[in-house]
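Open the model in your viewer and keep the selection panel at hand. We will go stop by stop, selecting as we go.

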Amino acid sequence: MSHRIDLRTVPYDHPDAVKLNDQVQLEYQERYDGEGDATFLDPAMFVPPHGLYLLAYDATGTAVASGGWRTQDENDEGYADGDAELKRMYVVPEARGLGLARRILAVLEADARAAGRHRMVLETGDQQPEAIALYLSSGYALSAKFGHYRFYDSSRCMTKPLTDT
């Protein structure tokens with residue numbers, strides 16, 4: 001596999017995004033005994049400047065990784081005003097280890113910061129040690145739980161400030 005990777009902004013419901021989302025859901029089902037991620041996501045949530053959805057394409061034009069952020073503000077699920085929530089970070093197995101998740105994460109953080117968001121937040125799970133390691137090494141810290149899975153024991157929530165304030 002060639003290492004030339006293009007990052008492209010696409011709609012959340014782009015056919016390539018849907019295909020990767022189907023793959024990540026299968027992986028969640030394997031790791032969490034049959035449960036995918038039931039969080040409701042509307043494509044409108046990822047439309048700039050209130051969000052962004054990225055796909056990484058390899059030299060053959062195949063989508064090999066995804067990631068997005070959406071605006072969150074204070075609500076009854078534990079979010080705070082100024083939050084940007086990371087969603088659907090995924091790299092296909094054959095493209096792992098190339099630093100794609102780290103590249104996508106950096107672009108999403110910069111975009112959320114430019115959009116005036118103060119904090120990046122994410123929810124992952126205890127069966128995704130690679131994800132947890134990536135986020136810890138990228139400046140995220142474990143935090144109080146928020147979001148759809150906040151009452152699940154396997155849920156791990158993390159945050160990172162995007163501004164100096």
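Start at glycine 139. This is a predicted model, and just after α3 glycine 139 adopts a positive phi of about 95 degrees.

Step back to helix α3 and select residues 129-137. Which residues of the helix are buried? They are Ala131, Ile132, Leu134 and Tyr135. Now look down the axis of α3: the buried residues fall within an arc of 160 degrees, so they line one face of the helix. What does that set pack against? Show β4 (83-91), α2 (100-114), β5 (119-125) and β7 (155-161); the buried residues of α3 pack against these elements.

Next, the aromatic rings. The count comes to six aromatic pairs. Select tyrosine 12 and phenylalanine 46. Their ring centres are 4.9 Å apart and the planes meet at 20 degrees; under 30 degrees counts as stacked, so this pair is stacked. Trace the chain from each ring. Tyrosine 12 is in the loop between β1 (6-9) and α1 (15-31), and phenylalanine 46 is in the loop between α1 and β2 (51-57), so the pair ties together parts that are 34 residues apart in sequence. Buried or exposed? Tyrosine 12 is buried, at 10% relative accessible area. Phenylalanine 46 is buried too, at 3%.

Ring pairs link Tyr12, Phe46 and Tyr53 into a cluster.

Move to tyrosine 149 and tyrosine 152. They form an edge-to-face aromatic pair, with 4.7 Å between centres and 75 degrees between planes. Tyrosine 149 is buried at 10% relative accessibility. Tyrosine 152 is partly exposed at 36%.

Select arginine 8 and tyrosine 57. The charged end of arginine 8 sits over the tyrosine 57 ring, 3.8 Å from the ring centre.

Last stop: arginine 117. Where does arginine 117 lie? Look in the loop between α2 and β5. Arginine 117 has a relative accessible area of 13%; under 20% counts as buried, so this arginine is buried. Display the polar contacts. The arginine 117 side chain reaches the backbone oxygen of glutamine 72 at 3.0 Å. Another polar contact, at 3.3 Å, joins the side chains of arginine 117 and aspartate 73.

Now show the surroundings. Not counting residues up to four places away in sequence, arginine 117 touches Trp69, Thr71, Gln72, Asp73, Gly82, Asp83, Ala84, Ala112, Leu162 and Thr163.

Technical notes. Residues are numbered from 1 along each chain as its sequence is written. This is a predicted model: local features need pLDDT of at least 70, side-chain atom pairs count only at pLDDT 80 or more; totals for chains, interfaces and linings use all residues. Side-chain values use heavy atoms; hydrogens and water are left out. Buried means under 20% relative accessible area, exposed over 50%, partly exposed in between (1.4 Å probe, protein chains only). Helices (H or I, at least four residues) and strands (E, at least two) are DSSP runs, numbered from the N terminus. The arc is that of the directions from the helix axis to the C-beta atoms. Contact means heavy atoms within 4.5 Å. Rings of Phe, Tyr and Trp (its six-membered ring) pair if their centres lie within 6.5 Å; planes under 30 degrees apart count as stacked, over 60 as edge-to-face and the rest as tilted. A charge sits over a ring if NZ of Lys or CZ of Arg is within 6 Å of the ring centre and within 35 degrees of the ring normal. A polar contact is a pair of N or O atoms within 3.5 Å; within protein, one must be able to donate a hydrogen and the other to accept it, and residues adjacent in sequence count only if both atoms are side-chain atoms.
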